[in-house]
Amino acid sequence: MSDAVSKKFILAINPGSTSTKIAVYENLEPLFVQNIAHHKKDLEKFKNINEQYEYRKKTILKTVADKKFDIESLSAVVARGGLMKPIEGGVYSINQRMIDDLIAGVSGKHASNLAAVIAYGISWDLDLPSYVVDPPVIDEFTPLAKLTGMPEIKRRSMLHALNIRAVARRESEKMAKNLEESNFIVAHLGGGVSIAAIERGKIIDGTNALYEGPLTPERAGALPTGDLMDMIFSGKYKTKEELYARLVGKSGFNAYLNTNSAKEVGELYAQGNPTAKLVFEGMAYQVAKFIAEMAAVLKGNVDAIIITGGMAFSKNLTDLISERISFISKVILHPGEDEMRALAEGCLRVLNGAETPKTYL
């Protein structure tokens, strides 16, 4: 096969609340990666996320044109999956049912819901395929993992699935194994923290990145239920939204040190600040504890423990975690996250016939 035939050009789209990250790949080589910042005054014109569709789509197309890339050369468009209904992991073809669910916000409203909608619109105009890869609503939990002490409440899967599965797949390949043959524990450490048990390629259990697991730079993590009830009925928080903002945004490092910067807290820790020492070591302690919990889920059959995400750049933090859990299995560091590359990898697997895209039903 000639190089011209084998080349695949992929546009990847990943919207955030105030920006849209895009990249164009030639196979897995990035031709460019661009974070498009959206001015507050531009976004204020819209009542909700869905109304931003045309604005963000036009901005993406203009950016691609400004980069002197011929959009007609694209092979496919791939998007970060949004909050659609729970599905198993993998690459999915974007279809109208998915679009309808994302617009309706069946699992919540978030800027990422626009990703597939925009990708579908661009691919429709160009008569190209479009996909999402490992959206955050992946649900491969076992019935035991979902069980709580109250039948009306079940544990939900909500984690950094895209990066978690991407780093696990890369480590499997290094071991000359398929992901479906591998067992990993992956700890994604960022503003939110996800700790997942992967058994034969499926995320069978994990901490909910919003409401469970360890404290994070800005989230409370798991809390004593009784004390949380007292807080709810204390009268201090007038609305559900106020309490949510306290738990997911104004907790963790933010609550103790008035910053959600893990870098700043790490520097204070190195300087001997006693509060920073408590919360920095406390987070490492809690991360290690939840990793050990996932080791129990996998019955100790763990090929490796992978620590990833932005905070994995901190040697002090990863050393504190590793010294508590290295008895379980070898610890591998994958600092940072590369969601754009993970999107391109999933799309390329489909374009090269290595993976069959799933249908969203």
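# A guided tour of the model

Begin by selecting Met229, Ile232 and Phe233, which make up a nonpolar surface patch with about 350 Å² of accessible area together. The model is predicted: local features need pLDDT of at least 70, side-chain atom pairs count only at pLDDT 80 or more, and totals for chains, interfaces and linings use all residues. Residues are numbered from 1 along each chain as its sequence is written, and side-chain values use heavy atoms, with hydrogens and water left out.

A patch is built from residues with over 30% relative accessible area and no salt bridge; like charges are joined within 9 Å, and nonpolar side chains (Val, Leu, Ile, Met, Phe, Trp, Tyr) within 5 Å. Accessible areas come from the Shrake-Rupley method with a 1.4 Å probe, and for residues only the protein chains shown count as cover.

Stay on Ile232. It sits in helix 8 (residues 225-232). Helices (H or I, at least four residues) and strands (E, at least two) are DSSP runs, numbered from the N terminus. Ile232 is partly exposed because its relative accessible area is 38%. Buried means under 20%, exposed over 50%, and partly exposed in between (1.4 Å probe, protein chains only).

**Salt bridges**

Side chains of opposite charge can pair when their charged atoms come close. Here a salt bridge is a side-chain nitrogen of Lys or Arg within 4 Å of a carboxyl oxygen of Asp or Glu. The count is 20.

Select Asp205 and Arg155. Their side chains form a salt bridge at 2.9 Å, N to O. This pair links distant parts of the chain: Asp205 is in strand 9 (residues 202-206), Arg155 in the loop between helix 6 (143-146) and helix 7, 50 residues apart. Are these two residues buried or exposed? Both Asp205 and Arg155 are buried.

Now pick Asp139 and Lys146, another salt bridge (2.9 Å, N to O). Asp139 is partly exposed, at 23% relative accessibility. Lys146 is partly exposed too, at 24%.

Next, go to helix 11 (residues 262-270), where Glu267 and Lys263 lie four residues apart, about one turn of the helix. Their closest N and O atoms are 2.8 Å apart, in a salt bridge. Glu267 is partly exposed at 38% relative accessible area, while Lys263 is exposed at 62%. Then select Glu88, Glu140, Lys202 and Lys358: salt bridges that share partners join them into one network.

**Cavity and pocket**

On a 1 Å grid over the protein atoms alone, a cavity is a set of points where a 1.4 Å probe fits but cannot get out; a pocket is an open set with protein on both sides within 12 Å along at least five of seven lines, and lining residues have an atom within 4 Å of a point.

The structure holds one cavity of 30 Å³ or more. Its lining includes Val133, Asp134, Leu162 and Arg349. Show helix 7 (161-174) and helix 14 (339-351), each of which supplies at least two lining residues.

Move to the second largest pocket, about 290 Å³ in volume. Grid points are joined across faces, edges and corners, and a volume is the space filled by probe spheres set on the points. Of its 18 lining residues, Leu215, Ala220, Ala222, Leu223 and Tyr256 are the closest to the centre. Which helix gives the largest share of the lining? Helix 12 does, with three residues.
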